[in-house]
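Here is my note on this model, point by point. Please read it with the structure open.

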Amino acid sequence: MASPPPPPIDTSPIPEGRVSITPNLLSKQQVEELLNDAKNLHRKGVFVPGGLRRRKNTDVHRNGTSADDMKTTTDATTRICDICGIFDDAEAAGPSDARDDLLDLMGDLRELLQLDLGVRLSESMELQYLRYPGGDGSSKKKKSGFYGRHFDSSPEDEKTCRRKVSLLLYLNDETWDVKKDGGVLRAYLPRQQLLQQESKSVKKRKRNSDGLVEEGVGTQDITPKGGTLVLFDSASVEHEVLPTYRERWAVVGWFLGEDISTVERRKNHRLEGQKRSSQPSHHSGEDQQRRKKKKKRRRRGG
Ligand SMILES: O=C(O)CCC(=O)C(=O)O
Ligand SMILES: [Fe+2]
């Protein structure tokens with residue numbers, strides 16, 4: 001029997017600084033195949049620890065790491081998770097049909113976002129697999145994963161037109177239970193609204209129409225269930241991952257502004273080569289063409 005068509009993606013929350021959530025965008029089989037690929041890469045030792053450092057005199061970590069950020073770090077780790085760059089590290093470890101299909105999906109999403117949001121996005125993007133360890137919440141030996149409160153992009157990044165839209169695709173199974181397993185993605189209100197709201201410390205707890213718990217003022221909790229797609233504006237939605245008590249897998253990506261300069265591209269590539277562990281994996285339209293040809297060859301058995 002043919003599989004049902006994927007659900008429509010509502011992008012309207014993105015320009016409003018809210019989160020677009022599409023449960024079941026990926027089928028069970030697609031989730032399983034990507035998860036197997038990620039687990040294989042993890043077994044091969046391709047993942048690297050993604051421990052980040054907090055910038056001096058600020059709580060907000062700018063995830064778009066530049067050479068300047070690297071100089072101004074202190075010692076407070078803001079995340080515990082392992083990362084595998086999909087365009088460089090994973091590709092170097094061997095091909096995968098599931099990954100090729102993921103890249104096709106990224107191409108479709110880019111087109112959809114361009115049309116719906118009226119923005120031009122670069123053919124290059126950043127894409128990574130993430131693995132958060134499942135700690136037991138108490139013992140130091142079995143540490144929980146987490147990712148502290150941060151923005152993926154900052155207003156200064158506007159100048160270099162870097163991350164525009166953040167993307168998450170979860171690869172966990174359907175039995176994920178936030179009470180037991182933790183690992184909620186908590187999104188906050190857009191920067192301006194949050195500042196205004198923080199002065200009135202009103203607390204609310206309610207369920208929204210998707211049955212997701214919204215806790216406190218201006219927060220939305222998202223369960224990382226397999227197949228769920230999450231999209232939001234990289235510069236306006238602050239977010240965090242609460243401690244994980246079960247291994248948690250995801251694909252994270254960033255669509256970049258189209259006018260990302262040649263210098264910036266070169267810098268990305270150069271930094272990538274130097275600092276594999278903290279730099280984004282980078283993908284271009286040419287890569288995509290090459291991959292499509294390769295995929296066809298593989299399917300033909302060549
Ligand atoms: O794992 C998640 O749900 C979020 C990851 C994230 O915020 C990031 O990589 O910037
Ligand atoms: Fe993030």
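1. A definition comes first. Strands here are DSSP runs of E with at least two residues, numbered from the N terminus. Lining residues of a cavity have an atom within 4 Å of one of its grid points. The model itself is predicted.

2. Start with the empty space. Rolling a probe the size of a water molecule over the atoms shows where such space is left. The count comes to 4 cavities of 30 Å³ or more. The largest cavity has a volume of about 110 Å³. It is lined by 14 residues, and Tyr147, His150, Leu168, His239 and Val252 are the closest to its centre.

3. Which strands each supply at least two residues of that lining? They are β8, β9, β16 and β17. β8 has the largest share, with 3 residues. By type, the lining divides into 8 nonpolar, 4 polar and 2 charged residues.

4. Next, the ligand. Ligand 1 sits in the largest cavity. Its shell holds 14 residues, and the closest are Tyr132, Asp152, Tyr170, His239 and Arg248.

5. Tyr170 places a polar side-chain atom 2.6 Å from an oxygen atom of ligand 1. For His239, the distance from a polar side-chain atom to a ligand oxygen is 3.0 Å. For Asp152, an N or O atom of the side chain is 3.1 Å from an oxygen atom of the ligand. How much of ligand 1 does the protein cover? On its own, the ligand has 290 Å² of accessible area, and the protein covers 99% of this.

6. The shell around ligand 1 can be read by strand too. β8 (121-132), β9 (145-151), β10 (163-170), β16 (237-244) and β17 (248-257) each supply at least two of its residues. β17 gives the most, with 3 residues. In the lining of the largest cavity, by contrast, the largest share comes from β8.

7. One backbone point remains. Asn24 is not a glycine, yet it has a positive phi of about 60 degrees. Where is Asn24 placed? It is in the loop between β1 (20-22) and α1 (28-43).

Note on methods:
Residues are numbered from 1 along each chain as its sequence is written. Chains are lettered from A and ligands numbered from 1 in the order in which they are written. This is a predicted model: local features need pLDDT of at least 70, side-chain atom pairs count only at pLDDT 80 or more; totals for chains, interfaces and linings use all residues. Side-chain values use heavy atoms; hydrogens and water are left out. A residue is near a molecule or strand if one of its heavy atoms lies within 4 Å of it. A polar contact is a pair of N or O atoms within 3.5 Å; within protein, one must be able to donate a hydrogen and the other to accept it, and residues adjacent in sequence count only if both atoms are side-chain atoms. Accessible areas come from the Shrake-Rupley method with a 1.4 Å probe; for residues, only the protein chains shown count as cover. On a 1 Å grid over the protein atoms alone, a cavity is a set of points where a 1.4 Å probe fits but cannot get out, and a pocket is an open set with protein on both sides within 12 Å along at least five of seven lines; lining residues have an atom within 4 Å of a point. A molecule sits in a cavity or pocket if more than half of its atoms lie within 2 Å of its grid points. Helices (H or I, at least four residues) and strands (E, at least two) are DSSP runs, numbered from the N terminus. Grid points are joined across faces, edges and corners, and a volume is the space filled by probe spheres set on the points. Ala, Val, Leu, Ile, Met, Phe, Trp, Tyr, Cys and Pro count as nonpolar, Asp, Glu, Lys and Arg as charged, and the others, Gly among them, as polar.
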